[in-house]
Amino acid sequence: MDYFIYISRSLVPTGSSAAAAIFLTARRNNAQAGITGYLHHEDGHFVQVCEGHRTSLVLLYHHLLTDPRHTGLRMLARGSAPGRRLSVWDMAASEEEALRFADWSGGAPLSKLVPRLSEEQLFDFARAGLAAVRAGTPPAPGAVTALTAAPGPGDGGHRRRS
Ligand SMILES: Cc1cc2nc3c(=O)[nH]c(=O)nc-3n(C[C@H](O)[C@H](O)[C@H](O)COP(=O)(O)O)c2cc1C
């Protein structure tokens with residue numbers, strides 16, 4: 001099972017029908033392609049975790065690179081794993097109106113926080129988001145304290161990127 005996690009700058013407003021169309025396409029196509037994961041839209045950025053078979057992910061990656069609804073795609077982590085780490089058979093999605101990661105991080109904007117996370121923290125971020133989406137409520141404050149303590153580049157932290 002392969003995976004990749006990226007951040008990109010959104011060119012559509014949160015809560016818009018343009019954003020909703022992206023989520024709909026992702027769900028529909030990913031169900032067919034066996035791609036699962038989590039897509040979050042906040043602070044003018046998308047963060048997406050995708051897990052699936054290599055050929056499906058390569059195809060999706062090429063779609064993403066040329067999609068005019070976002071820009072500046074920056075790969076944060078990618079590789080292979082024995083199985084899926086996010087056990088949801090669809091592409092769960094959330095936007096800042098319902099779920100704001102900045103609330104957890106002591107106000108650090110998503111675009112500053114996420115690129116500083118290790119791969120394991122990125123998966124924790126996605127698990128927390130998925131759990132909140134499923135429960136229909138934001139996570140309790142402190143649920144992601146580990147995220148806020150994320151070491152940054154040059155901090156001598158443990159960053160696992162492949
Ligand atoms: C932020 C973002 C995330 C996306 N995520 C997915 C996705 O998970 N799966 C997918 O098939 N398309 C996704 N898309 C859309 C693709 O870029 C592309 O438009 C789509 O795969 C084309 O499918 P279609 O020919 O069925 O419209 C995403 C687009 C954006 C901007």
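## Ligand shell

By class, the shell around the ligand holds seven nonpolar, six polar and two charged residues. Here Ala, Val, Leu, Ile, Met, Phe, Trp, Tyr, Cys and Pro count as nonpolar, Asp, Glu, Lys and Arg as charged, and the others, Gly among them, as polar. The model is predicted: local features need pLDDT of at least 70, side-chain atom pairs count only at pLDDT 80 or more, and totals for chains, interfaces and linings use all residues. Residues are numbered from 1 along each chain as its sequence is written.

In total, 15 residues surround the ligand, and the closest are A26, N29, F46, H63 and D67. Helix α1 gives the most, with five residues. Helices (H or I, at least four residues) and strands (E, at least two) are DSSP runs, numbered from the N terminus.

## The sheet

Five strands make an open sheet, ordered β4-β1-β3-β2-β5, with mixed pairing. Two strands pair if DSSP finds at least two bridges between them. The edges are β4 (70–80) and β5 (91–95); each has a single partner strand, so one side of each lacks a neighbour in the sheet. From one strand to the next, the twist averages 10°.

Helix α1 (residues 17–33) lies across β2, β3 (45–52) and β5, and runs at about 165° to β5. Axes are lines fitted to C-alpha atoms, for helices over the stretch in contact, and angles run from 0 to 180 degrees between N-to-C directions. Contact requires two C-beta atoms, placed from the backbone, to lie within 7 Å.

## Strand β2

Strand β2 (residues 36–42) runs parallel to β5, joined to it by five bridges. L39 stands opposite A93 in β5, and H40 stands opposite S94. With β3, β2 pairs in the antiparallel sense over seven bridges. E42 faces H45 in β3 across this pairing. The two strands form a hairpin with two residues between them, and D43 in the turn has a positive phi of about 55°.

Seven of the seven residues of β2 are buried. Buried means that 20 or more other C-beta atoms lie within 10 Å of the residue's own; exposed means 12 or fewer, and partly exposed is in between, with C-beta atoms placed from the backbone. Both faces are covered: T36, Y38, H40 and E42 lie on one side, and G37, L39 and H41 on the other.

## S10 in β1

S10 sits in strand β1 (residues 2–10). S10 is buried, with 21 other C-beta atoms within 10 Å. Leaving out residues up to four places away in sequence, S10 touches H41, G44, H45, F46 and H70. S10 and T71 are 61 residues apart in sequence but 6.6 Å apart in space, C-alpha to C-alpha.

## Nonpolar core

The largest nonpolar core has 34 residues, of which F4, I5, V49, C50, L122 and A126 touch the most other members. Helix α5 (residues 119–135) gives the most to this core, with seven residues. Such a core is a set of buried Ala, Val, Leu, Ile, Met, Phe, Trp, Tyr and Cys residues joined through C-beta atoms within 7 Å.

C50 touches Y3, F4, I35, G37, L57 and L60, not counting residues up to four places away in sequence.

Notes. Near = placed C-beta within 6 Å.
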